[in-house]
Amino acid sequence: MVTGATGYIGGRLVPELLAAGYAVRCLARTPAKLRDHPWADRVEVHRGDVTDAASLAGAFDGVDVAYYLVHGLGGGRDFERADREAARLFAREAEAAGVRRIVYLGGLTPQGVPERDLSPHLRSRAEVGRILLASGVPTAVLRAAVVIGSGSASFEMLRYLTERLPVMVTPRWVDTRIQPIAVRDVLRLLVGAAALPEDVNRTFDIGGPDVLTYRQMMHGYAKAAGLPSRLILSVPVLTPRLSSQWVGLVTPVPGALARPLTESLRHEVVCRERDIARYVPDLPGGPVGFLASLDLALRRVREADVATRWSSAGVPGAPSDPLPTDPDWAGGSLYTDVRERTVDAPPAELWRVIEGIGGENGWYSFPLAWAVRGWLDRLVGGVGLRRGRRDAARLRVGDSLDFWRVEEIRPGELLRLRAEMRLPGLAWLELAVAADEDGTTRYRQRALFHPHGLSGHLYWWSVAPFHAVVFGGMARNITAACESPGARPPEGMSAAPLRKRPPRRQF
């Protein structure tokens, strides 16, 4: 059983376990998020939450190995308590069901540093590991520092800092020694841990062959990406909070997630042992080196072949309520903005444009307004517009899309996006294709907003004057784009040519 299958590591681990011959069950709070993965029809899905004992009934039945890949990274002030209680519940249910092994991916902690001095994130990961090790079920805790792979938060942070800033004034942690590991080695070791001997109940440090400072990692990225050498100046005055805000402004990783990442870099994180190699032997050539892992990640990014991203999991604090079937929200307010247009193009061509929206392809209306809204969201701690897309041409349920998330997609018919920007309420955007009886293609666009309190109502009416420009322009430009697929976008519209989908690769 794999928890966290909708996340970055879990979403990549599942197909590796299937390829190794295991039958896999995924535990997911929202099974629909797994529906469009290429391996979805080969796994069993149990709807459940590691914080809800009742939902775990039957989840462990017949399970030999349980992977625990959930944690509260940036999940609010009380995340340590929530992580602790979830781990205890998971451990108790696993033992009661007779699970043979638990495998947990934790964080590498620095040697000689008291736990009280660790970042809350690392401290919580260490505590979860201890809880699982004391569960009575043989447990393997794999502890990694920085994971390098296409779409990982650590890779995206490194990538954008290096690409966007040829000259950087940086915090002191750029000179901290780190032992990064390639995501393909993480996955290989996680799969191998399923077959550990029954008497193994311990932690394993896992890392690549290189020990580097973050400064050296940025120089290495510049070399791998073909960029000029970067000038990096470190200063002692940037606190973890300030440096996370700085990272949040420069990279797509929001401050709420950047802070635990940067806090974890305050202390040296280097492996103290490589005992895992006694049980899971290295491949010929050994673990993937740092520069090689960068080359692999950059290739996947350039080919738009990123299987999962750091934003695959839900964003802490973001709304997750699905669009209600009751259009009146059980008597509550629900504001709507509806636009319809007749399209002089086949439904398939209209759908191609709809599914390609966002990211580098733009939002087909008033780019400045979208950019300003994204910046405002970043300033209040939201995700902003820079998450982009996982794939330039194809979407699946659960994908992040700038400051939206795909809540529902019916190919050729409907794309529903749920807003994850900071709002005084809940918002959705629906883009739909319909064919009339006479063969006419119609485009239907619906924006919905459920306000929370007076501030929500004031927000809706304050932005309502801009709807004609933003939503009206979107409807006009989307229909124009599909009617003239070879033409350039209308003036002022932000959209790039849609790229063909490359063959799917594993890493």
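**Confidence and overall make-up**

The protein has a mean pLDDT of 83, and 84% of its residues reach 70 or more; pLDDT is the predictor's confidence in each residue, from 0 to 100. This is a predicted model, so to speak of local features we need pLDDT of at least 70, side-chain atom pairs count only at pLDDT 80 or more, and totals for chains, interfaces and linings use all residues. Residues are numbered from 1 along each chain as its sequence is written, and side-chain values use heavy atoms, with hydrogens and water left out.

Contact here means heavy atoms within 4.5 Å. Residues 487-507 also stay under 50, and for them the model has 51 contacts beyond four places in sequence. Where pLDDT is low, the predicted coordinates should not be read in detail.

The secondary structure comes to 14 helices and 19 strands. These are DSSP runs, numbered from the N terminus: helices are H or I with at least four residues, strands E with at least two. Of the 507 residues, 55% are buried. Buried means under 20% relative accessible area, exposed over 50%, and partly exposed in between, with a 1.4 Å probe and protein chains only. Of the contacts with a separation of 6 or more, 75% are between residues 24 or more positions apart.

**Two helix pairs**

How do α1 and α5 pack? Helix α1 (residues 8-19) and helix α5 (residues 183-193) make an angle of about 55°, and their axes are 10 Å apart. Axes are lines fitted to C-alpha atoms, for helices over the stretch in contact, and angles run from 0 to 180 degrees between N-to-C directions. α1 and α5 are therefore oblique to each other. On the scale used, under 35 degrees is roughly parallel, over 145 roughly antiparallel, 65 to 115 roughly perpendicular, and the rest oblique.

From α1, the residues in contact are Tyr 8, Ile 9, Arg 12, Leu 13, Glu 16 and Leu 17, and from α5 they are Val 183, Val 186, Leu 187, Leu 190 and Val 191. By class, this contact of α1 with α5 has nine nonpolar, no polar and two charged residues. Ala, Val, Leu, Ile, Met, Phe, Trp, Tyr, Cys and Pro count as nonpolar, Asp, Glu, Lys and Arg as charged, and the others, Gly among them, as polar.

The second pair is α4 (residues 153-164) and α10 (residues 290-302), at about 85° with axes 12 Å apart. α4 and α10 are therefore roughly perpendicular to each other. Phe 155, Leu 158 and Arg 159 of α4 meet Phe 290, Leu 294, Ala 297, Leu 298 and Val 301 of α10. That contact divides into seven nonpolar residues, no polar and one charged.

Most residues other than glycine have a negative phi. Tyr 364, in the loop between α11 and α12, has a positive phi near 60°. Asp 402, between β15 and β16, has a positive phi of about 55°. Tyr 364 counts as buried because its relative accessibility is 4%; Asp 402 counts as buried at 3%.

Last, Ser 135 sits in the loop between α3 and β6 and is buried at 9% relative accessibility. Beyond four places in sequence, Ser 135 contacts Ala 91, Glu 95 and Ile 102.
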